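Work through the exercises below with the sequence and the 3D structure open. Each task is followed by a solution in steps.

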Amino acid sequence: TDQIWTRTDEQYPRRQESLLRAAERRILSETYVGDPRTVEQKIPGNFELPTVGITDDSAASLADHFQPAAADDVGNAGRRITICGRKTGPLPELFEPGSEEPNAETQMEAAFRQYVTDFAEKANVRPMQGALLLNNEPYGRTGNMMREFFHGLDVARHHGLIPVIHDSIFPIENDLTTIFPFLDLDEIRRIFGVKIVGDPGLDLDMQAYNGVKSADLLNFGGKLLSLRREIFPKSEIKNIILNRRRIIQQMFELMEARADVSEEAQAMCGSIQAASIRQDTRYTVIHSRSFAKEGRPKFFTDHHLAAMGVDTTGPIKLHPSMISAILNPLRMASQPLFMITDGRDETIANRLSSHPYYSNNFRLAPEPGGDIFSLRGRKASAVSSDLIFAVMSDVFIGHPMSSFSTLIAQIRYALGFRHTYLHARRVDGKWETFCEDEECFYSLHNV
């Protein structure tokens with residue numbers, strides 16, 4: 001087992017087979033989920049996970065969080081967007097990718113180019129007239145579908161192609177306009193840089209090729225565990241961050257601009273309004289996701305959480321001690337604590353609602369009130385309302401294996417929010433969090 005995790009390029013010649021298949025088989029060959037080694041020790045390479053122990057010394061006041069013209073508590077300044085009556089953090093800059101040390105960059109870029117080539121062959125990536133068509137059959141639920149669409153944009157960029165999507169089902173109906181119902185086709189074209197089947201000058205042979213499959217796009221960058229730390233150069237990670245920041249910021253700027261005129265944008269604030277959340281309300285949202293109720297064995301979650309270096313029980317059981325370790329230094333433990341959930345397992349909600357410390361301020365996120373229909377006949381989505389409720393919270397504690405949690409984290413990073421926690425572990429019996437910054441998040445997660 002140790003050889004699996006500590007092999008070097010000198011010990012093993014470069015593989016001729018697909019990097020995707022080989023690296024994933026290497027990671028998944030680890031069967032001992034109780035391995036005490038950290039993720040840094042398990043996965044080779046120079047990538048470092050910054051660790052932030054949750055102590056009083058590391059706690060920061062949230063007082064600047066609501067000051068639109070002021071810097072945040074680490075000195076970041078920038079414009080803030082108002083969503084549902086609450087301000088985001090200062091928007092991060094749309095920076096240009098930096099550079100790494102020449103040797104490391106060259107080696108990583110060679111491996112990355114090979115990976116892109118291997119993926120194109122495996123996923124049947126076929127350019128047509130300078131365009132890349134994405135199949136319109138979705139795979140998975142909300143978070144997965146957004147991940148598939150983002151990956152489709154990435155694949156098109158790597159091949160110098162214009163991404164083309166269908167005007168129905170994936171990704172427009174499932175899930176762009178479900179999550180962001182105020183978007184129309186022109187805005188989707190502008191924000192995502194895509195063309196839509198049927199656009200003038202776009203003559204694709206739909207009989208010969210129906211596009212890259214969503215299930216393949218989901219796996220770009222790693223099927224079950226992210227391969228980005230091994231084969232994506234830092235410049236490419238920064239390219240991905242830049243792309244996601246630009247798209248997310250533009251969507252939320254549009255939501256802000258339409259707040260007073262769009263029923264759809266107003267409906268997304270349903271949970272915030274139902275919970276009587278105001279600009280100065282400080283609250284935490286935790287996300288409970290049950291894989292066991294879907295029939296996923298305990299080994300499945302244990303293995304993948306351990307591979308990330310995360311405590312195998314923390315995100316599943318959401319221990320009150322873990323929540324307290326995060327909230328106490330932030331002086332948030334006595335503030336409202338809400339849970340968004342897939343509704344499959346009520347155990348955690350029942351435990352927190354009866355807990356002597358949290359029973360008074362814990363409750364499930366409220367459903368948006370009423371059946372609000374837009375002029376285009378769309379119903380307000382509880383999914384979009386949950387997402388906005390979590391995104392605009394002061395503190396978010398999510399499940400690192402959940403694509404919905406990672407989508408929330410992506411949006412929070414792009415909007416300048418801090419205090420986003422997906423990775424917790426126990427060291428000497430004490431809870432600590434790690435990998436809280438945006439670059440580490442994008443290196444650890446295939447989003």
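Helices are DSSP runs of H or I with at least four residues, and strands are runs of E with at least two, both numbered from the N terminus. The model is predicted.

**Exercise 1.** State how many helices and strands the protein chain has, and what share of its residues is buried.

Solution.
- Step 1. Counting the runs gives 19 helices and 13 strands in the protein chain.
- Step 2. Buried means under 20% relative accessible area.
- Step 3. By that cut-off, 55% of the 447 residues are buried.
- Step 4. The accessible surface of the chain is about 19700 Å², and carbon and sulfur atoms hold 48% of that area.

**Exercise 2.** Describe the largest pocket and its lining.

Solution.
- Step 1. The space in the largest pocket is about 1200 Å³.
- Step 2. Its lining has 46 residues; Asn144, Arg289, Met401, Ser402 and Ser403 lie nearest the centre.
- Step 3. Sorted by type, the lining holds 21 nonpolar, 15 polar and ten charged residues.
- Step 4. Elements that each supply at least two lining residues include helix H5 (142-158), helix H18 (403-414) and strand E8 (337-341).

**Exercise 3.** Give the strand order of the open five-stranded sheet and explain why one side of E9 and of E11 has no neighbour there.

Solution.
- Step 1. The order is E9-E8-E7-E10-E11, with parallel pairing.
- Step 2. Strand E9 (362-364) and strand E11 (420-421) are at the edges and have a single partner strand each, so one side of each lacks a neighbour in the sheet.
- Step 3. E9 is joined to E8 by three bridges.
- Step 4. Leu337 has Phe362 in E9 as its bridge partner.

Definitions and conventions. Residues numbered from 1 in each chain as written. Predicted model: local features only at pLDDT ≥ 70, side-chain atom pairs only at ≥ 80, totals over all residues. Heavy atoms only, no water. Buried < 20%, exposed > 50% of the residue type's maximum accessible area, 1.4 Å probe, protein only. Areas by Shrake-Rupley, 256 points an atom, 1.4 Å probe, with all protein chains shown as cover. 1 Å grid on protein atoms, 1.4 Å probe; cavity = no way out; pocket = protein on both sides within 12 Å on 5 of 7 lines; lining within 4 Å. Points joined across faces, edges and corners; volume = space filled by probe spheres on them. Nonpolar A, V, L, I, M, F, W, Y, C, P; charged D, E, K, R; others polar. Pairing = 2+ DSSP bridges.
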